[in-house]
Amino acid sequence: MKDYLPYGRQSIGEEEARRMRDVLESDWLTQGPKVVEFEAGLNDLCGSRNAIAVSHGTTALYLACRAAGLGPGDRFLTSPITFVATANAGLLCGAEPVFADIDAKTFNLDMDEAIRVVKQDSRIKVVLPVHMGGRMCGMEQLATACRENEVTIIEDACHAIGGRWRDSTGAWHNVGDCAFSDMTCFSFHPVKNLTTGEGGAVVTNDDELASRLRSLRNHGITRDPTRLKEGREPWHYEMHDLSLNGRLTDFQAALGLVQIDKLPRLKKRRQELVRRYDEAFADLDGVTPQARPVEDDSCWHLMIIRTRGRTGLYEHLLEKGIRTQVHYIPVHTQPYYKEHFGTRRGDYPVAEKYYAQALSLPLFPDLSDADQDRVIAAVREFHQAAGDG
Ligand SMILES: Cc1ncc(COP(=O)(O)O)c(C=O)c1O
């Protein structure tokens, strides 16, 4: 079988295996003391007050929407360029999706457009900005508009953990400090910046939301004596909400703790690789990488380029043993959305044009310079043959 270079993969070593083995040999496998430690590690990393570790990024987004009180009759706004899980989280609450077009250079929501829609539509209760590939959205602008309209902001930072960005006063923010949002959601899927196999988390500075999230992660059950309505027996628990089992296991948390320690090194390598790609493509007319912030300390999850010959390039790279991906098929063009919400191709032209040109090249911390050079040479070869170079 041909040995393909993947577009993303985890970096897991002996230390992760050792720490997971310790948990597997202990008495506690499901959510327990390691999850508590992992949550403390996430708070340190993000600068947040509360972290709630859950089973998947999808669960994080769904429970965050539930904690925000999103339900039937409400609407939520997100980007058409995201994984379906972002918008599905709102749908699973019974709410109706609203999209706004994207910015052609950052691939994030066009914030002017998103704010215009939020101000016009009083049924929008939640906005989910998505930090595509690790690039932060314009959070300050959005926060001002949402505060005025009593709209909850849930950041989909599934791509962005470990990054920092600078606000308009010059202050640096860690992704997940929730300085301009109510909650931030992460995914720890293997290709993400840090992994627990499958896993996710919500971070928030709001203690009330945190308490709701903890209960929603555990079937809507509470044991908090200040909240109990009826019994006082030592075994007593009460279900106050309808929810599911969204817990992470302790052995996954042990893996995540090692990954948090490694994240600075993993981030540095991701940044180096992105810089090398950007430099290599600077003179290539047919290739435009995602726009970087002026002072960039993002933890880049994806190396997304726009290219005129996207499908041809995808096939050319595959022939050379290099796998790439397309992030993402616009959500509003998915059959389910078209059938249930009447969205149509043509609704968000910037997003659709982006989709026709987007390709994510291999980017992961263990990608060697030699393998990256092979990708760069193959991209250049394709474009030079097309007369772009
Ligand atoms: C932007 C975005 N949102 C949500 C998710 C869902 O995360 P998970 O796969 O951990 O459920 C992902 C990852 O797959 C993602 O990339």
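Domain bounds in this account come from an automatic or database domain assignment. In the predicted model, this assignment divides the protein chain into domain 1 (14-256) and domain 2 (263-385). The centres of domain 1 and domain 2, taken over C-alpha atoms, are 25 Å apart. Contacts between the two involve 36 residues of domain 1 and 33 residues of domain 2. The size of an interface is often given as the accessible area lost when the parts come together. Between domain 1 and domain 2 about 3,000 Å² is buried, and carbon and sulfur atoms give 65% of this area. Two salt bridges are counted between domain 1 and domain 2. A salt bridge also joins the side chains of Arg 164 and Asp 297, with an N to O distance of 2.8 Å.

Side chains of opposite charge can pair when their charged atoms come close. The count for the model is 28 salt bridges. One of them joins Arg 269 and Asp 369, whose closest N and O atoms are 2.8 Å apart. Because Arg 269 lies in helix α8 (residues 250-281) and Asp 369 in helix α12 (residues 369-385), this pair ties together parts that are 100 residues apart in sequence. Arg 269 is buried, with a relative accessible area of 17%, whereas Asp 369 is partly exposed at 36%. Both residues belong to a network of salt bridges that links Lys 268, Arg 269, Glu 272, Arg 276, Asp 369 and Asp 373.

Further salt bridges include that between Arg 21 and Glu 14, at 3.6 Å from N to O. Here Arg 21 is partly exposed, with 40% relative accessibility, and Glu 14 is exposed, with 56%. In the salt bridge of Asp 224 with Arg 227, the closest N and O atoms are 3.3 Å apart. Asp 224 is partly exposed at 28% relative accessibility, and Arg 227 is partly exposed at 32%.

Aromatic pairs number 10. In one of them, the ring centres of Phe 107 and Tyr 354 are 4.7 Å apart and the planes stand at 45°, so the pair is tilted. This pair links distant parts of the chain, 247 residues apart: Phe 107 is in the loop between β3 (96-99) and α5 (111-120), and Tyr 354 is in helix α11 (residues 349-357). Phe 107 and Tyr 354 are both buried. Trp 165 and Phe 180 also form a tilted pair, because their planes stand at 55°, with the ring centres 5.7 Å apart. Trp 165 is in strand β6 (residues 164-166) and Phe 180 in the loop between β7 (172-174) and β8 (183-187), so this pair ties together parts 15 residues apart in sequence. The relative accessibility is 12% for Trp 165, which counts as buried, and 18% for Phe 180, which counts as buried. Ring pairs also link Phe 99, Tyr 336, Tyr 337, Phe 341 and Tyr 348 into a cluster.

Two arginines are placed over tyrosine rings. Arg 323 lies over the face of Tyr 4, at 4.0 Å from the ring centre, and Arg 310 lies over the face of Tyr 355, at 5.2 Å from the ring centre.

Helix α3 (residues 57-67) is largely enclosed by the rest of the structure, because 10 of its 11 residues are buried. Among the buried residues of α3 are Tyr 62, Cys 65 and Arg 66. Gly 69, which follows α3, has a positive phi near 85°. In helix α5, by contrast, Asp 112 is exposed, with 55% relative accessibility. The C-alpha atom of Asp 112 is separated by 9.6 Å from that of Gly 138, 26 residues apart along the chain.

Key:
Residues are numbered from 1 along each chain as its sequence is written. This is a predicted model: local features need pLDDT of at least 70, side-chain atom pairs count only at pLDDT 80 or more; totals for chains, interfaces and linings use all residues. Side-chain values use heavy atoms; hydrogens and water are left out. Rings of Phe, Tyr and Trp (its six-membered ring) pair if their centres lie within 6.5 Å; planes under 30 degrees apart count as stacked, over 60 as edge-to-face and the rest as tilted. Helices (H or I, at least four residues) and strands (E, at least two) are DSSP runs, numbered from the N terminus. Buried means under 20% relative accessible area, exposed over 50%, partly exposed in between (1.4 Å probe, protein chains only). A charge sits over a ring if NZ of Lys or CZ of Arg is within 6 Å of the ring centre and within 35 degrees of the ring normal. Contact means heavy atoms within 4.5 Å. Buried area is the accessible area (1.4 Å probe) that two parts lose on being put together, summed over both. A salt bridge is a side-chain nitrogen of Lys or Arg within 4 Å of a carboxyl oxygen of Asp or Glu.
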